[in-house]
Amino acid sequence: MVCRSAGLKVKRALITGITGQDGSYLAEFLLAKGYEVHGVVRRSSSDTRGRIAHLLAVTLHRGDLADGGSIARIVRDVEPTEVYNLAAQSHVGESFGQPEYTGDITGVGTLRLLEAVHRHAPNARFYQASSSEMFGGLPGSAPQNEITPFHPRSPYGCAKVYAHWATVNYRESYGLHASCGILFNHESPRRGEEFVTRKIAKAVARIAMGKQDKLHLGNLDAKRDWGFAGDYVEAMWLMLRQERPDDYVIATGETHTVREFCELAFASTGMNWERHVVVDESLFRPAEVDLLLGDASKAQRVLGWRPSVTFQKLVRTMVAAEMEVA
């Protein structure tokens, strides 16, 4: 049970997925704002706690979005004023191999958390991490905004659509202050190694150090709207500052191919990417999303949010971080 100080109005945030890239940046951001920060961790997530090892002020709680009882207990004990749901099986490619697990954690897990908040912290403000993968990048749909129809192209995208509409439903049914951030791709040196941007950055450093020669990648023509994760967590917080809950696209408004990412990453160390990159058809997905490009004009207008890190700076920063540890 969390101790309470009588008479004090505490800003208390509960973050699921706190050991992930976004969770670590959000925890840092909220601590700097004077929040009391709590995080939910699974037993199997201990290997990723390195991202938050420096955040000694964070209180961690054992729980799992697959277990509604544990989530209800944590929400009841913490009594959060804000809840940020960042937990998910978030790798699109992996969702094809584990569709049921992805649906349970990413989709139904959100429903379990919403129900816990509805029952035990109904006055808390709730943030749902929705995803640009919900759009699917159909021809003619870009740039995508808050009214663009969803057409997910992966089990992950399908699960995110379920979680998104569940959040809207609890907002409309029970009056929860619940907002969805439809975030386009956002990266950083803390990105998981299974994601293509971190995979490229890590390979560039290893190749530059003579520890690796080739980098195997799938679809080099896929276009993505890439931003910096540290910028995007501020948008999450800004959404919960609004008087009325709503949904917002968060994006840079620029799109770049995986090929462009490779070219810039290798060039930052003086190398030619074409000498080292191998297109591996086994890495192509059953259903590809060819183009994602976000229109964040609503977030700019209502939240006053704008990205601060350019695509070029993001790539160079990720490679530089890998060079330090290669």
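**Cores, helix packing and local geometry**

Pro 307 is partly exposed, with a relative accessible area of 29%. The model described here is predicted. Pro 307 lies in the loop between α9 (297–303) and α10. Setting aside neighbours within four places in sequence, Pro 307 is in contact with Asp 231, Ala 251 and Thr 252. Arg 125 is 182 residues away from Pro 307 in sequence. The C-alpha atoms of Pro 307 and Arg 125 are 24 Å apart in space.

The nonpolar cores come next. In soluble globular proteins, nonpolar side chains tend to be buried together. The largest nonpolar core of this model has 58 residues. Within this core, the members that touch the most others are Ile 15, Leu 30, Tyr 84, Tyr 127, Ile 200 and Ile 250. Helix α7 (residues 229–239) gives the most to this core, contributing eight residues. A second core is separate and has 21 residues. Its members include Val 40, Ile 74, Val 75 and Tyr 170.

Beyond its neighbours within four places in sequence, Tyr 84 is in contact with Ala 13, Leu 14, Ile 15 and Thr 16, among others. Further contacts of Tyr 84 include Leu 26, Leu 30 and Tyr 127. Met 236, Trp 237, Leu 240 and Arg 241 are also among the residues in contact with Tyr 84.

Helix packing was examined for several pairs. Two packed helices are described by the angle between their axes and the distance between the axes. Helix α6 (residues 196–208) meets helix α10 (residues 311–325), with axes that come within 8 Å and cross at roughly 50°. The two helices, α6 and α10, are therefore oblique to each other. The crossing of α6 past α10 is right-handed. On the α6 side, the contact is made by Thr 197, Arg 198, Ala 201, Lys 202, Val 204, Ala 205 and Ala 208. On the α10 side, it is made by Met 318, Val 319, Glu 322 and Met 323. By class, the α6 and α10 contact holds seven nonpolar, one polar and three charged residues.

Helix α6 also packs with helix α8 (residues 258–267). Here the angle is about 30°, and the axes are 10 Å apart. Helices α6 and α8 are therefore roughly parallel to each other. Again, α6 passes α8 in a right-handed crossing. Helix α6 brings Val 196, Thr 197, Ile 200, Val 204 and Ile 207 to this contact. Helix α8 brings Val 258, Phe 261, Cys 262, Ala 265 and Phe 266. The α6 and α8 contact has nine nonpolar residues, one polar residue and no charged residues.

A further pair is α2 and helix α4 (residues 99–120), which pack at an angle of about 40°. Their axes are 9 Å apart. The crossing of α2 past α4 is right-handed. Gly 68, Ile 71, Ala 72, Val 75 and Arg 76 of α2 take part in the contact. Their partners on α4 are Arg 112, Leu 113, Ala 116, Val 117 and His 120. These contact residues of α2 and α4 divide into six nonpolar, two polar and two charged.

Helix α5 (residues 155–174) holds Cys 158. Cys 158 is partly exposed, at a relative accessible area of 41%. Ser 95 is 63 residues from Cys 158 in sequence, yet their C-alpha atoms are 9.9 Å apart in space. Ala 166 is also in helix α5. This residue, Ala 166, is buried, with a relative accessible area of 9%. Apart from neighbours within four places in sequence, Ala 166 is in contact with Leu 111 and Leu 114. Val 108 is 58 residues from Ala 166 in sequence, and the two are 8.9 Å apart in space, C-alpha to C-alpha.

Most residues other than glycine have a negative phi, and most peptide bonds are trans. Glu 79 has a positive phi of about 55°, although it is not a glycine. Glu 79 sits in the loop between α2 (68–78) and β4 (82–85). With 42% relative accessibility, Glu 79 counts as partly exposed. The peptide bond from Ala 142 to Pro 143 is cis, with omega near -5°. Pro 143 is placed in the loop between β5 (125–131) and α5.

Notes: Residues are numbered from 1 along each chain as its sequence is written. This is a predicted model: local features need pLDDT of at least 70, side-chain atom pairs count only at pLDDT 80 or more; totals for chains, interfaces and linings use all residues. Side-chain values use heavy atoms; hydrogens and water are left out. A nonpolar core is a set of buried Ala, Val, Leu, Ile, Met, Phe, Trp, Tyr and Cys residues joined through side-chain atoms within 4.5 Å. Buried means under 20% relative accessible area, exposed over 50%, partly exposed in between (1.4 Å probe, protein chains only). Helices (H or I, at least four residues) and strands (E, at least two) are DSSP runs, numbered from the N terminus. Contact means heavy atoms within 4.5 Å. Axes are lines fitted to C-alpha atoms, for helices over the stretch in contact, and angles run from 0 to 180 degrees between N-to-C directions. Angles under 35 degrees count as roughly parallel, over 145 as roughly antiparallel, 65 to 115 as roughly perpendicular and the rest as oblique. A crossing is left-handed if the near helix is turned anticlockwise from the far one by less than a right angle, and right-handed if clockwise. Ala, Val, Leu, Ile, Met, Phe, Trp, Tyr, Cys and Pro count as nonpolar, Asp, Glu, Lys and Arg as charged, and the others, Gly among them, as polar.
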